[in-house]
Amino acid sequence: MKTQSLVRAPARVAIVMAAAIGAAALLVPAPAAAQIETVTVGIEPLTTLDPGKGRATRGDLAISSQIYSSLTSVNEDGTLVGDLALSWEQTAPTEWTFNLRDDAFFADGSPVDANVVAWNLDRMLKGPDAPMPAATGMRLIAEVTAKDAKTVVFTTSEPFLDLPRRLAWTYFIEPKWAEEHDPSTEAMGSGPYTLVSWDPAGDVVLKLNENYYGPKPAIPNATYRVIPNEATRLAALRGGELDAAFGIDPLSVGQLQAEDSLSVGAIDANKMQTMRINFGAPHMDDLRVRQAINYAIDKDAITKSVYAGLVGPGSTQILGPLYDGFEANREAWPYDPEKARALLAEAGLSDGITIRLGTAETGYVGAAQATQAIAAQLGQVGIKAEIETIPYANWVRYLRDPEGPALTFIAWGSQSVSTPEILAQLVTGAPYAIGPVPAAYDAAVAAATGAADEATKLAEIAKALQVTEDEAMTVFLWAQPQTYAISRKLDWKVRMDDWVRVYDIHPAQ
Amino acid sequence: MNLPKSTMRRRDLGKVGEWAAIAMLSALVIGAVFAPFVAPYDPLAQDLTNIMQPPFASMAHPLGTDFLGRDMLSRIIYGAQPPMVVGAFAVLLALVIGVPLGIMSGWRGGWPDMAIGRLADIQMSIPGLVLALLVLAMLGKHLSLVVLIIALESWPLHYRVVRAYVQSVRGNGYVEAASLAGVGPVGITFRHLLPGVVPLLAVTATANVATAVLAEAALSYLGMGVVPPTADWGSMVAEGQTQLSGAWWISVLPGFALIALLLSVQVIGNAISARQSLGGRDL
Amino acid sequence: MPPSTSGPTPANTASTGAFRSARLPIGPRVLGHRLLAAAFAVWAAVTIVFVMITATGDPALALAPEDASAAQVEQIRARYGFDQPIPVQYVRFVVDLATGGFPSSLYSRQTAAQVVLGTLPNTLLLGGAGIAIGVLLGGTVGYLSVFARFRVVREVPISVLMVFQSIPAFLTGILLILLFSLQLRWLPTSGARSWWSLILPAVTVGLSLAPAIARLLRSALMEQITADYVNTARAKGLTRRRIRLHHILGNSLVPVVTLVGLQAGSLLSGIVVVETVFAWPGLGSQLVKSVNLHDYPVVVTAVIVVAIAYVLLSLLVDLLVMLLNPRSRY
């Protein structure tokens with residue numbers, strides 16, 4: 001008996017083991033990406049949920065863009081893709097037609113159709129609060145009509161080639177809902193996420209929208225957290241309280257790189273930091289003075305030190321690489337303090353001048369230290385710069401003040417990544433342009449905005465860029481570093497623009 | 001509780017401490033007054049090739065450099081100027097307000113005394129820093145306002161001490177005699193009152209210097225006093241706070257300088273008050 | 001307002017250590033006087049704030065949002081009566097404050113009152129914890145400096161604590177962050193996410209209060225030791241410890257409480273700074289933030305709330321002292 005069982009035992013054991021392994025193999029799932037339930041992302045201070053008012057891509061619009069729908073959208077490479085719109089076409093020089101999908105619905109079941117689009121545009125352009133703050137760059141839109149439930153027609157006063165791009169950051173609320181709710185503090189949307197709670201000074205919580213018409217996001221829950229204090233933000237990243245944050249001071253990047261849990265670094269943002277020139281300020285109407293200022297700044301030294309080498313000197317254009325008409329072979333304005341002094345002497349100012357230099361307290365990465373370095377360099381050539389620091393909340397009014405300082409540190413961007421739109425910020429009469437602007441520039445930009453075809457548009461853009469260099473219309477500096485700190489458990493391709501969308505995140509493999 | 005030996009030893013230690021404090025304070029004041037001669041560099045001179053050097057790393061910058069390559073030693077020497085200037089002027093102003101009012105209150109009594117007393121009490125309805133924030137927010141960040149606010153918060157201290165003293169000597173024989181002999185109030189003040197009051201004011205003034213310097217440093221730390229790039233200990237501490245885990249010296253060294261100043265003032269103040277028979281116990 | 005004039009002299013405290021009598025705890029005349037003084041202080045604070053607002057030249061412009069049109073500014077001017085003569089403005093200001101009709105914060109969705117009152121609990125928490133730590137630490141060190149058996153324990157802790165009297169609160173905070181958060185990684189550097197984040201700010205506040213308490217308690221205790229009643233108690237045969245705890249410590253309570261009242265002003269100022277150092281979301285950091293943003297409605301409301309808190313704290317301390325000290329009640 002025993003011998004029998006002894007002989008059979010190994011076989012029995014083998015069979016049982018094989019069965020166990022087989023069963024286990026069936027039960028163990030194939031290796032899958034770790035499931036991430038929620039992420040917490042740092043964000044700029046928030047002011048409103050109303051897509052008619054919000055303009056900050058790293059702030060209010062980041063939220064709006066995920067709970068609402070827009071006609072089109074800009075993806076990470078800067079290419080325009082459709083969101084609500086399945087296709088669009090310039091059906092006449094001054095007319096664009098968009099064909100909409102029919103499976104987009106708000107949370108209460110109302111369709112997001114052409115009537116909704118038309119109503120929203122009317123609200124922004126012609127309603128009682130018009131023109132609403134988020135209606136910039138829509139000057140050329142004359143009429144928006146819903147031909148039928150799935151077709152919207154835009155009529156423009158001049159050819160508006162970039163209209164589809166411009167509409168990439170226009171979001172739609174539900175008309176009937178808006179009558180009973182305050183869109184600034186409440187939301188009912190149609191986008192990939194729904195709003196769970198909103199606190200402009202604290203957290204904004206988002207949850208997956210089960211009825212979304214597009215591909216489902218990989219992360220089902222998200223919290224956006226406002227932490228204005230830099231030290232606290234760094235601590236939150238280190239402690240794991242924040243999974244990601246952008247816009248970190250370059251000098252702090254080194255500290256964070258020591259953290260194993262974070263992937264930290266920078267890419268060039270699609271934004272150029274420059275100093276806007278107030279042509280109406282004393283001395284700024286003299287081309288030689290403007291050129292002297294450009295020659296006086298040692299961009300190499302500043303980017304290597306204050307920006308920790310994360311960016312290099314920028315070329316003589318205010319466009320970032322993703323913009324149409326960006327010229328890759330443009331060079332940086334040379335550093336030549338001797339030439340700067342010579343130019344000033346030529347202008348009869350060898351005794352030196354004093355100018356005001358304005359900067360925002362927060363909002364532009366590295367600005368605080370950079371302006372101090374710039375002021376010192378200007379001092380070397382006889383330009384005494386007095387720095388004024390303004391809280392970001394007062395920034396808008398400050399920028400438009402005709403009595404504003406000669407130089408203002410600013411980063412130029414356009415939410416639509418549209419070149420005519422960004423160039424238009426410097427034409428005569430634009431909200432951020434002060435003083436007389438060279439006529440050639442105005443003409444080129446107007447022609448580019450109303451161009452009938454791409455070739456003309458690009459040609460006019462090239463003209464405008466050349467004028468900005470010839471006339472030293474701004475102080476060219478460098479690309480804003482897109483500094484980031486992202487938890488290694490996330491796979492998030494850092495964008496060159498400022499969109500901070502949880503929609504773009506996937507769990508790391 | 002009093003073991004003679006330990007007390008004697010403590011007294012010696014105390015003496016050494018006093019001299020050390022005087023030496024430290026003198027060094028800081030002389031450094032501040034003669035800054036252009038003492039400091040190796042211009043406090044605003046940047047050197048972008050040498051940012052965030054640690055202390056003792058090179059002889060060129062013994063205390064290191066900050067995030068713009070500015071020499072820390074020079075900035076610390078110059079950084080003493082705003083707190084000392086503000087402190088000195090604020091205390092002076094507080095004395096100018098408090099002493100005459102104290103003499104008048106103590107001498108006259110009655111209505112003026114009550115009114116001034118109420119005025120002094122009003123001071124105490126809003127804490128000093130908060131009042132400073134309010135005023136600077138509304139009227140702008142002017143250093144002269146900072147001096148004024150600190151003085152307005154401090155004068156009751158001197159006022160009360162002077163008032164109490166004048167009240168206590170008012171009935172003194174020689175004072176009455178002088179008054180009867182026709183010596184005017186000014187004469188009485190200078191000849192009889194002030195000499196007695198000066199030692200008391202030495203104590204309150206030193207305490208006031210400490211609180212004034214502290215107030216200026218706190219306001220500059222909050223961004224409401226001296227603003228960058230001017231070298232000032234309080235604002236330097238604020239500027240360096242995000243670099244604490246790396247370039248800690250940008251915040252910590254000006255902090256130590258501030259502590260050194262306040263500590264030496266405190267020790268000297270204790271020594272002065274111990275010498276007066278005010279019953280204050282030194283440690 | 002200055003606290004009760006029967007100040008920190010332990011010698012005049014009761015001999016039996018009994019804190020209450022069978023009659024009314026506090027005489028109505030004295031109580032009434034204190035309440036009146038408190039009301040006067042609040043009125044003074046409100047008036048100072050009003051003077052500051054009008055001193056800006058154009059209050060309506062200051063209270064209007066950044067991008068307000070001229071018409072909107074006019075609206076604000078009419079609504080709050082800034083176009084009226086000053087005395088009328090003043091009355092309206094006081095009435096508006098009392099009824100909570102002040103303008104909204106310029107940068108948040110809420111009214112100024114909501115913003116301020118929302119941050120108040122955090123400040124009370126920090127203040128309470130800070131005072132507790134300060135009293136405990138200062139009390140312990142002060143007690144030890146008198147009664148400890150070994151000389152080292154008597155002399156060293158209090159000397160170390162005295163050094164902290166010269167260290168400004170923001171420096172203490174920064175040094176604590178450097179040591180405990182960044183080097184040792186034991187505690188968070190800032191914010192208020194968990195109870196752990198309360199520790200460093202509260203210790204910082206406590207360290208600003210502890211030296212004065214230690215010093216005061218030490219001198220109070222040393223005077224008590226030679227007091228008559230102690231000898232009486234000793235004669236009665238009570239143990240040393242009982243004497244210490246019951247009578248001496250109990251009777252030293254009054255000066256300590258009075259000191260907290262005297263320090264209330266610098267305590268509140270200290271809390272404003274500590275909240276900023278640690279980004280603790282309380283009234284103090286909100287005030288500083290609003291000052292930087294030029295959010296005047298919030299600044300004004302915050303200052304008034306702080307003034308009221310200050311007055312209430314002083315009043316509370318006075319009443320507490322009166323309860324503890326029978327002689328000062330009537």
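Tutor: A helix is a DSSP run of H or I over at least four residues, and a strand is a run of E over at least two. The model is predicted.

Student: What makes up chain B, from the N terminus on?

Tutor: The elements run α-α-α-α-α-α-α-α-α-α-α.

Student: What share of chain B is called buried?

Tutor: Of its 283 residues, 48% are buried. The word applies if 20 or more other C-beta atoms lie within 10 Å of a residue's own.

Student: Which strands form the open sheet in chain A, and in what order?

Tutor: The order is β4-β5-β7-β6 (chain A), with antiparallel pairing.

Student: Why is one side of β4 and of β6 of chain A left without a neighbour in the sheet?

Tutor: β4 (85-92) and β6 (141-148) of chain A each have a single partner strand, so they stand at the edges.

Student: How do you know that β5 and β7 of chain A pair?

Tutor: Five bridges join β5 (residues 95-100) to β7 (residues 151-156) of chain A. Pairing needs at least two bridges, so these strands pair. Glu95(A) stands opposite Thr155(A) in β7(A).

Student: How many residues does each chain bring to the contact between C and B?

Tutor: Chain C gives 44 residues and chain B gives 38 residues. On the side of chain C that touches chain B, the largest share, eight residues, comes from α1(C).

Student: What classes of residue are on that side of chain C?

Tutor: There are 34 nonpolar, nine polar and one charged residues.

Definitions and conventions:
Residues are numbered from 1 along each chain as its sequence is written. Chains are lettered from A and ligands numbered from 1 in the order in which they are written. This is a predicted model: local features need pLDDT of at least 70, side-chain atom pairs count only at pLDDT 80 or more; totals for chains, interfaces and linings use all residues. Two residues are in contact if their C-beta atoms, placed from the backbone, lie within 7 Å. Ala, Val, Leu, Ile, Met, Phe, Trp, Tyr, Cys and Pro count as nonpolar, Asp, Glu, Lys and Arg as charged, and the others, Gly among them, as polar. A residue is buried if 20 or more other C-beta atoms lie within 10 Å of its own, exposed if 12 or fewer, and partly exposed in between; C-beta atoms are placed from the backbone.
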